[in-house]
Amino acid sequence: MSGDGCSLLGCGVEDEDRPHDMSEYAGAAARWCPGCGDHAVLTSVQRLLAEERLAPESTVFVSGIGCSSRFPHYLRTYGFHGLHGRALPVATGVKLERPDFDVFVVMGDGDCCSIGAGHWLHATRYNMDLTVLLLDNAIYGLTKDQTSPTTPQGFATKTQPKGSWLPPLNPLTTALGVTNASFVAQTAEWVPAHLYETLKAAYHHDGFSFVRILQRCPVWTPTIFQKAVKDSTSVEVLVHDEGVPAADLGRAFPNRIVHDPRDLHAARRLAEDTSRIRLGLLYRDPSAPRYEETRALPKHTAEERMRVLEAELDRYAV
Amino acid sequence: MDTAKAPVGDVPAPAATSRRAPRVLRVREHTVEIVSDSGEGAQKCGQIFGAVSAKMGNGVWTVEIIPAEIQPPARTPPGGSGNRVRIGVGPVTNGGDEANLVVAFNEQVLLGRHRLHAIADDAVILLDDVWSRHDDAEVRRQWEAGLLELGSKAYRIVPVPLEEESQKLVENPRKGKNMFALGVLCWIYGRDLDRAREQIAHQFRGKKDATAQNVALLDAGHAWADAHLDLRVDVPATPTDAAMVVTNGNEAIGMGAMAAGMSLCAMYPITPATSVSHYLGEAFDRAGGLLHQAEDEIAAAGVAIGASYAGRTAFTITSGPGLALKTEFLGLAVMTETPLVLVDVQRGGPSTGLPTKVEQSDLLAAMFGQPGDAPKVVLAPATIEECFHVMVTARRIAESFRVPVLVLSDANLATGVQPWPRPTPDAAWQAEPPELTAVAEGTKPYDWDGRLGLSRRVAPGTPGGMHTVTGLSHDERSKVAYDAETHARGCTMRSRKLAVLQQTLVPPTVVGPASGDLLVVGWGSTKGAIEEAADRARAEGLSVATLHLRFLSPLEPGLTEVFRRYRRVMTVEINYSDAPDDPFVTEENRRRGQLSMLLRSATLVDVDCWTLVRGEPLRPGQVLAAMRRRAQTGGGA
């Protein structure tokens, strides 16, 4: 997403008039459970909006249905809280109509990886300039404890009480497997510094920036990342000059691996290996064609459109 | 051309020298069919013949004859492909009853039409007889059996050497017979050859060699007919000063969308709606519009809603199965009060049904498809001209009332070609982007006028107006609210808009006597056939009037009062209904035509129905027969 801070609408607004405090981007009070990872993501997003000084009137958050999809209500921007699984088509429409808007998409794992999986693949290929957050807590929380595509194998839920039958879907390899994927990153709600830096990098990427955010549901999946949370040495951080800055993580995350985010094959290999949790930017290709650019058309005035219409009628005239 | 007495299929072509001066049959209208195997181009022949006739000042209506398969086997009765072209002195509003003249490329595709009773008993049939001399004995056997079956009617079958003559000019006669046939038709109907050549050049624009070859075939067909045929048909043209355009219904929808200022169409390929996007794929680029082919029907609706939400009203086009998939998004557009235009070019259903054929079975799905109460507007254009103007109306209503508007066209309008008065688009029809002047922080995005249910839209981009729209039950501030009062009020406000819209509509016009024995009510593409049938019924002395609805949700005002002036009221529709005398069917359990169900509930008048689901446009003769039964006996199917 371009961070030039000057949308068509925002150009008239002096930068000094723009909000610059996180609280100025706060909407209604968040109603998620205490301890829910969504809170950390919301805070990071509000910080990003404030740091980037985005004009609230030309910023749109589109979401689907689920706990995390309440996200737009808690922001003082425009929001579209739509249908389960269908956030991406709506966001596509918003961006096609208003390429100058900053458009964010917030989805849960059921939303993105299950009911809306088809849209996810195609939106990745369209590579429109959207910042896309997958808030992945590996469970259907709002509807109270059903297995999701990312639920770990063997993890018991109300719909699969003997444990999830299948190995979980890997959102990273899936995203990296789609033609024209241009930005794939993974971060975690319990590492706020890394979360913020990842969102910032995603926002600044011109294209479909897909960020999978690992998080816990305090009610249904409080333990899934227990090991990683307790023992940060079990986490591997991807570092590179081109990647997400990780200096702030200090000594807490000593396990680092140098990974060049321009290397798609290396990214796929790292994503494939789920033996440990990896945080960082897996892949970025700023040169991938963007749909809204390919399809960009000169804006016609009403008079110009009328002229074309008359010419059309001429073609069919008797 | 007196072939009735000659042994069928064995008529020597008369030598040019022995030919009498052609007899000219002067008629007010004539219906021609051109049928071939799929891929032999009979459709192109029919389209050009229709366009030339329209340009000469005849009324024209064309109907496509389409096999359901892409490559149906050659020489099979169901595999026939082509066109019916009905031309008249004055305007022609429908495809008519039976063909008066047929050009058939083989006897099998002709049998297909014969078995559908599409050909008049006394029709002249120009049939390629090359098959009677075929090397394969099986083909010769089929020819003889076919001709025997056709002998049950008094058709006048004239052999025409389409294949042999075309072969003199092109290597593959399968790719040339159609233009040779066009030349023959142009001679019979006295069509202006220069116009035909122009039309060929238009059809094959950019392909110089193809144009030259096809013009040569046209000329050869014309010369052959001049030397060998002795019947000409004269349907006098009435050239008019009024500017006209010739399009099919889907092209009219595409142009109407541009006239309405809509600049984004999101769609997924589906028959028979797709040709709107074929048209827009070219035209929209020039007009600064965007045709987005989405990954599926659901996404197409979502993209259109997202774009509408963010700016100018967008539209999506689909057919039955796609309408089903868009159901949830339509409910969301109702709930969020997002303007949207959805065009459903109806086809036969249920399920995949009859993809290429006509039906009017989506009315109730369009109105009631959404779970929960989802009031929205449903319009149905009745003519190709109305396909254009309905788009302007639909966009206006969608924005003024913040509501999705469904436009129900059908395969009959989509593929029918007709000349219609050239519209004079008004710059005021062009939709301007929504008002984005700053509003006070806290402005309610659903600031409903308690009486009207209407509210000002606060579109993204409006400083101060930030809010989140939601498909959840919400209050005037768009805050999620589950309480009883808020939910009931939201439902009332969304419904009230339809009542308000209905109050602004003019009562429908009755054609025929203001009171009498029978009122026939129709909707959509059947208008021409119904009104022609009623004309004939009145000529027979029956007291029959007709009324055609364009607004189906809300229904046009004053219907109850109109209905009470007739002894019987009946809908005529192309959808399913039980016949009253079907086994097990009673007055109570009878499933009726979709419009008749709506009218019964809205007016409490005992509205009967007569419907067909044969996948074909209604023929005026069929409707007339139904009118006679109802008007005279007052009952029965």
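For sorting lining residues into classes, Ala, Val, Leu, Ile, Met, Phe, Trp, Tyr, Cys and Pro count as nonpolar, Asp, Glu, Lys and Arg as charged, and the others, Gly among them, as polar. The model is a predicted one, with local features needing pLDDT of at least 70, side-chain atom pairs counting only at pLDDT 80 or more, and totals for chains, interfaces and linings using all residues. Residues are numbered from 1 along each chain as its sequence is written, chains are lettered from A and ligands numbered from 1 in the order in which they are written, and side-chain values use heavy atoms, with hydrogens and water left out.

Start with the open space. A pocket here is an open set of points on a 1 Å grid over the protein atoms alone, with protein on both sides within 12 Å along at least five of seven lines; a cavity is a set where a 1.4 Å probe fits but cannot get out, and lining residues have an atom within 4 Å of a point. Points are joined across faces, edges and corners, and a volume is the space filled by probe spheres set on them. The largest pocket comes to about 1500 Å³. Its lining holds 48 residues, with B:Gln47, B:Glu64, B:Gln203, B:Asn248 and B:Glu251 nearest the centre; 15 are nonpolar, 22 polar and eleven charged. Because domain 1 (16-234) and domain 2 (245-429) of chain B both give residues to this lining, the pocket lies between them; the domain bounds come from an automatic or database assignment.

The largest has a volume of about 90 Å³, and among its 13 lining residues B:Tyr309, B:Thr336, B:Arg402, B:Arg457 and B:Val469 sit nearest the centre. The second largest cavity holds about 50 Å³. Its lining, which includes B:Trp61, B:Asn94, B:Ser525 and B:Pro617, splits into five nonpolar, five polar and no charged residues.

A nonpolar core is a set of buried Ala, Val, Leu, Ile, Met, Phe, Trp, Tyr and Cys residues joined through side-chain atoms within 4.5 Å, buried being under 20% relative accessible area (1.4 Å probe, protein chains only). In the largest core, of 92 residues, those touching the most other members include A:Phe210, B:Leu363 and B:Phe563. This core draws at least three residues from each of domain 2 (245-429) and domain 3 (510-633) of chain B.

How values were computed:
Buried < 20%, exposed > 50% of the residue type's maximum accessible area, 1.4 Å probe, protein only.
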